[in-house]
Amino acid sequence: MKNRIEEIRKERGLKQEELAEVLEVSRQTISSLENGRYNPSIILAFKVAAYFDMQIEEIFIYEQEDSQ
């Protein structure tokens, strides 16, 4: 799953540490999310969306895998 967290965070002038503090996660979690190494829990995805005042689908992009 891709996401736009880094893009949105930078647009709003936030550091990873600041976003992590608000969302009650580590800076490493934010880094892993931004680099696509970690998919958030549904609760964390909702927290991110609520903080940015956006819909989850505007931040997280689900790419369906081919089942062939």
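A salt bridge is taken here as a side-chain nitrogen of Lys or Arg within 4 Å of a carboxyl oxygen of Asp or Glu. The model is predicted, with pLDDT of at least 70 needed for local features and 80 or more for side-chain atom pairs, while totals for chains, interfaces and linings use all residues. Residues are numbered from 1 along each chain as its sequence is written, and side-chain values use heavy atoms, leaving out hydrogens and water.

By this rule, five salt bridges are found. One of them joins Glu24 and Lys47, at 3.6 Å from N to O. This pair links distant parts of the chain, 23 residues apart, with Glu24 in the loop between α2 and α3 and Lys47 in helix α4 (residues 42-52); helices are DSSP runs of H or I, at least four residues long, numbered from the N terminus. Glu24 is exposed at 66% relative accessibility, whereas Lys47 is partly exposed at 36% (buried is under 20%, exposed over 50%, partly exposed in between, with a 1.4 Å probe and protein chains only).

A salt bridge also pairs Arg9 with Glu34, their closest N and O atoms lying 2.6 Å apart. Because Arg9 sits in helix α1 (residues 5-11) and Glu34 in helix α3 (residues 27-34), the pair ties together parts 25 residues apart in sequence. Both Arg9 and Glu34 are buried.

Gln16, in helix α2 (residues 16-23), is likewise buried, at 16% relative accessibility. Beyond its neighbours within four places in sequence, Gln16 is in contact (heavy atoms within 4.5 Å) with Arg9, Arg27, Ile30, Ser31 and Glu34.

Technical notes. Helix = DSSP H or I, 4+ residues; strand = E, 2+ residues; numbered from the N terminus.
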